[in-house]
Amino acid sequence: MAWWKAWIEQEGVTVKSSSHFNPDPDAETLYKAMKGIGTNEQAIIDVLTKRSNAQRQQIAKSFKAQFGKDLTETLKSELSGKFERLIVALMYLPYRYEAKELHDAMKGLGTKEGVIIEILASRTKNQLQEIMKAYEEDYGSSLEEDIQADTSGYLERILVCLLQGSRDDVSSFVDPGLALQDAQDLYAAGEKIRGTDEMKFITILCTRSATHLLRVKCTRNLHSYFAERLYYAMKGAGTRDGTLIRNIVSRSEIDLNLIKCHFKKMYGKTLSSMIMEDTSGDYKNALLSLVGSDP
């Protein structure tokens, strides 16, 4: 079954490692794209959206070795707006990027609970441990303590519960009555991840074993959940660019192809077509390159 799991995971990926990869010419291409007056944005898109995160890290090392400059800082100085935000997001190590998104969600006045819920409810126990470690290293505080300080009541308890990763516990016993009730609750919630329905979803997700969730078929909701997050990021007036960027960047090397399939089934249009309608310029081109061809 290991080969099957690996195949499924690979099928879900939209950004794969480039074959015959050599970071040195890529670093040189990026340097030339940003040297002198003007910037060759398309060259930046062609390199960074077509390399895996691990390969981007190697390109950054080569860039520093060849030209004595930090690649991310150079990109920040040459780019601007949403396009800059997207390209810089690609340069973060995955766990550090998610730690940054969580930190930004709690920074300043107000808390973006949706961002915190999205990340904590969709990551495994091991992933959460890596995110918590990166958070403490980068911001000098505990993610759990910061969440407790920034939220309250039922939401605080649910978020702290999610941080524990208790839903990953392996259990061979499944209570069929409870599984049926959970399935009915999720159906009644319409598989919508908003408002009180969101609380019902998270309560089940953070307190049930992996075996139980498979019985409930809760695991299939994950791709629908991200499809919905992407849809509502672009629906209506304005675009929630933070949600759009975060989900495309973070899922591109995991399961974005599967999310695209659910998106089309749920909304009768492709993710790419909605991005084309809702964004423009280099920002649009970079997003489309990450998303890949339509299902």
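Because the model is predicted, local features need pLDDT of at least 70 and side-chain atom pairs count only at pLDDT 80 or more, while totals for chains, interfaces and linings use all residues. Residues are numbered from 1 along each chain as its sequence is written, and side-chain values use heavy atoms, with hydrogens and water left out.

Salt bridges were considered first. A salt bridge is defined as a side-chain nitrogen of Lys or Arg within 4 Å of a carboxyl oxygen of Asp or Glu. By this rule, the count is 15 salt bridges. One of them joins K32 to E28, with the closest N and O atoms 3.3 Å apart. Both residues belong to helix α2 (residues 23-34), where a spacing of 4 residues separates them by about one helical turn. Helices here are DSSP runs (H or I, at least four residues), as are strands (E, at least two), numbered from the N terminus. K32 is exposed at 56% relative accessibility, whereas E28 is partly exposed at 34%. In these terms, buried means under 20% relative accessible area, exposed means over 50%, and partly exposed lies in between (1.4 Å probe, protein chains only).

K82 and D241 meet through their side chains in a salt bridge of 3.7 Å, N to O. Because K82 lies in helix α6 (residues 81-91) and D241 in helix α16 (residues 241-251), this pair ties together parts that are 159 residues apart in sequence. K82 is partly exposed, with a relative accessible area of 44%, and D241 is buried, with a value of 12%. A further salt bridge, at 2.7 Å from N to O, is formed by the side chains of R96 and E137. R96 is in helix α7 (residues 94-106) and E137 is in helix α9 (residues 125-139), 41 residues apart. Both residues are partly exposed, R96 at 26% and E137 at 47%.

The backbone was examined next. Most residues other than glycine have a negative phi. H20, however, has a positive phi, near 55°. H20 is found in the loop between α1 (2-12) and α2, and is exposed, with a relative accessible area of 81%.

The structure also holds 10 aromatic pairs. Rings of Phe, Tyr and Trp (its six-membered ring) pair if their centres lie within 6.5 Å; planes under 30 degrees apart count as stacked, over 60 as edge-to-face and the rest as tilted. The rings of Y231 and Y267 are stacked, because their centres are 3.7 Å apart and their planes are at 0°. With Y231 in helix α15 (residues 221-234) and Y267 in helix α17 (residues 256-267), the pair ties together parts that are 36 residues apart in sequence. Y231 is buried, with a relative accessible area of 13%. Y231, Y232, F263 and Y267 form one aromatic cluster.

Finally, T279 is found in the loop between α18 (271-278) and α19 (281-291). T279 is buried, with a relative accessible area of 10%. The side chain of T279 reaches the backbone oxygen of I275 at 2.7 Å. Apart from residues up to four places away in sequence, T279 touches L244, K284 and L287, where contact means heavy atoms within 4.5 Å.

How values were computed:
A polar contact is a pair of N or O atoms within 3.5 Å; within protein, one must be able to donate a hydrogen and the other to accept it, and residues adjacent in sequence count only if both atoms are side-chain atoms.
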